[in-house]
Structure formats: structure tokens, C-alpha cells
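Below are some notes for a colleague who has not worked with this model before. Please read them with the sequence and the structure open.

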Amino acid sequence: MELLVQVLALVDDRTVVVACGVCTGWRDAVRAGILELSFTWCGRNVSRLVQSVAPKFAHLQNCNLRRCTLLNNQAVEAVACNCPDLHILDLSGGTRLTDLSLYALANGCRRLEKLDLSGCVGITEAGLVLLAENCHYIRHLNLCGCDNAGSDKALMALAQNCGGLEFLNVGWCERITDIGVTALANWCPDLRVVDLCGCLLITGQSVIVLADNCLNLRALGLHCCRNITDVAMYALANSSKCRASNGEIRSKRAARSGTTSFFSGKALTSSSIGSCSSIGSPSTSSCSSNSDCNNTSKKFYVQSLSQVEEGYGLVSLNLSGCTALSAVAVQAVCDAFPSLHTCPEKYSLNISGCLNLTRVHCQCVVDARRERIGSYGQQQDYARNRLY
């Protein structure tokens, strides 16, 4: 049986599903040994297939149903009823899913840690509140584009029940205000990645409370949040000293206890951040476009810094479309966090669409300019010496 499990670990997910129906012995081997499975290859028959095979994967911990647009509530209910040990579930793009799926997950998968619901436009605030009240271990939640579910009441439920939350994407949940973000910042101090792109009602107060309370914050998306002012930027810049001391304390604690964060050793890939995320994207907004980033070096620079446990301070900040900000205030943030870059090679400070921020530059750009000026001066001296 152990040899069979090792063999199945080397084949694709389609073959694993076929193997579970060969005989009783193979079915038992699959049930005991397969912990991760993807159904993204199923096409239009995905719902029927999931319902039929879910009972055969009782110990499943990671289920990928990403972009299965024909997935229905019955399939998610089958997964929730038969896979109580599920830790990671990707339902992004499930446009046919409703609150019935969230009710099933709340009752059957209470150990969920990572849940991607981006693009699930059928879920509502009521379903998300119930999920938060029952699944207290959620640390990674993507709600990008879930405008009917993303609200202040939902965020308050998450804050009160999921205190270990580290990643939250509520991009384009336009009903969210400072009230919900303030509750999150006060109750979830371990937040590391927050994407508020397109949350048009939030103001600088949300940024200030995140800066003051979430000292582990590594990435912040504020695309098109036009009510953000310079006061919020100065709050971020002033929090850098607290983050430095907090980072040193966390490093010492981690060294003594041997514990790691949920993101330690896990790359913040575009899929983990979410298909709608604006964090770390060099485009004006990846929420408004489904195209992938062409230059992967920029993306992986942000990923490599975000996953470092002993690091501290912002490594990604999206201010594209924040037209009320001044260059002086944003430059203060850039100077306070050396990992924020405007240079093409390490582009992690997005100021696209802000014509008044064209004078903001990271230290790399300044050093490169000085180097070019020095090189030009040497060439001029050399030419002058040759003439004389």
C-alpha cells in the first residue's frame, strides 16, 4: 500500500481519481495516503465528479477547485461532508456558488486555514458571517470581487472569531468602510498581507490603524483608494521603527520556540494572493485585468521578501490611483522601508496613474543616477585630457 501511495504521488490528479475506482485495496490506499487533489482539469463534469469521488478522499487536506465555473453547491457540500480535515480550499471563480456552500463548510470543515472565494459573486454577508463564527482557524482569506459578501459586518465577524488572520484580500468590496478595517486591525494584529484595492469608501484612518496595530504588515494594496491622504503615509513611515523592534523580538522568539508563520516557506504566488490581487503587481491594477504579469522577476522579488519569517516592514505597496497623495509623503514611506522599490528590477512600490508622484524614487534609482553622472564626468575628464 505504501508503494502504491508513493506511485500515485508521482502521477497527475486525473490518474489518482481513476485509481480510486480500480479495487477496494487501491481505494483504501487512496483514502489513507492522498492529502492533496485538484479538479481543475474536469471541465463541465466537475460537479458530478466531485460528488462521486469525495467520499473516497476522507483525509484530504488540500482541494483545488480553482476556476471551475460550473461547480455547484452540491459538490462543495459533498467535499464539506466527507473531508473534515480540509485545511486549504480554492473555490475562486465559482460563480454558481451561494451561501449554501459556506453553510456546508462552516458545519463540516472547521479546520480550514486557507480559503479562496475570489470571484464567487453569489455568496453574501450572511454566509461569510456564519463561516467566520465556525471556522476559527482561518488565516488566509481571499474575497476579491465578492461585493455582496464583503461588508463591515463580515469584517467584524472575522475580526472577532479569526484572530490569527494573516492574509486578507477584499479587493473591490465597495461597501467596506473604515469601521470594518479598524475592527480587523484591532483584533487581528498578525495581519501580513492586506489588499483593499477598489474599496472606495475607506480613508486614511484605515491605513493609520493598520500602521499602528499590525506591525507584521508586509504588503498593502490601496489601488484607487482616493480618500487616502498624506497623514496616512506619514503614519506608515513613522511605524517603521516599531516594526524594526517588533521584527527583532519575533526573530528571537521564533529562534527559541522553533515556530514559523503560516507564510514561512510558502511563496506568495499570484495564485495564493488571488486572481484579483493588486499587491506586487506592476500594472495599474490586476483587478481590472486577468492578464498575468509579464515580468516575473518583479513578482518573485516581492514573494521572496514576503515569505521571510525574520523580516519586517513593507515590501509591497500599491498606491496606484491614489491621486490625493504628495510626492514628499510617499517619499517618506519609501525612505522608511528600504525594501520598497520604484526601479524596474524590483518594482514593489506602485505609483501608476499618480502624475504628482513622478519624483518619488527608491535608493536604487538615486544610486544609479549618481553612478551615471560620475561615469559621465570621468568620460569628460578623459576626453579633456586627451585634447591637452
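1. Apart from neighbours within four places in sequence, Asn64 is in contact (heavy atoms within 4.5 Å) with Leu37, Ser38, Phe39, Thr40 and Asp90. Asn64 and Ser38 are 26 residues apart along the chain, and their C-alpha atoms are separated by 4.4 Å. Asn64 belongs to strand β2, residues 62-64; strands (E, at least two residues) and helices (H or I, at least four) are DSSP runs numbered from the N terminus.

2. This is a predicted model, in which local features need pLDDT of at least 70 and side-chain atom pairs count only at pLDDT 80 or more, while totals for chains, interfaces and linings use all residues. Residues are numbered from 1 along each chain as its sequence is written, and side-chain values use heavy atoms, with hydrogens and water left out.

3. A polar atom of the Asn64 side chain lies 3.0 Å from the backbone nitrogen of Arg66.

4. Helices α6 (residues 99-108) and α7 (residues 125-134) have axes that come within 9 Å and cross at roughly 10°. That makes α6 roughly parallel to α7, a term for angles under 35 degrees. Axes are lines fitted to C-alpha atoms, for helices over the stretch in contact, and angles run from 0 to 180 degrees between N-to-C directions. Asp99, Leu102, Tyr103, Leu105 and Ala106 of α6 meet Ala126, Gly127, Leu128, Leu130, Leu131 and Asn134 of α7. By class, this contact has 8 nonpolar, 2 polar and 1 charged residues. Ala, Val, Leu, Ile, Met, Phe, Trp, Tyr, Cys and Pro count as nonpolar, Asp, Glu, Lys and Arg as charged, and the others, Gly among them, as polar.

5. The axes of α8 (residues 152-161) and α9 (residues 178-187) come within 8 Å, crossing at roughly 5°. These two helices are therefore roughly parallel to each other. Asp152, Leu155, Met156, Leu158, Ala159 and Gln160 of α8 make the contact with Ile179, Gly180, Val181, Ala183, Leu184 and Trp187 of α9. The residues of this contact divide into 9 nonpolar, 2 polar and 1 charged.

6. How many disulfides does a search of the whole structure find? The search finds 0 disulfides, the criterion being a pair of cysteine sulfur atoms within 2.5 Å. Cys343 is in no disulfide, and its nearest cysteine sulfur, that of Cys362, is 3.9 Å away. Cys343 counts as buried at 4% relative accessibility, and Cys197 counts as buried at 0%.

Methods
Parallel < 35°, antiparallel > 145°, perpendicular 65-115°, else oblique. Polar contact = N/O pair within 3.5 Å; in protein donor to acceptor, adjacent residues only side chain to side chain. Buried < 20%, exposed > 50% of the residue type's maximum accessible area, 1.4 Å probe, protein only.
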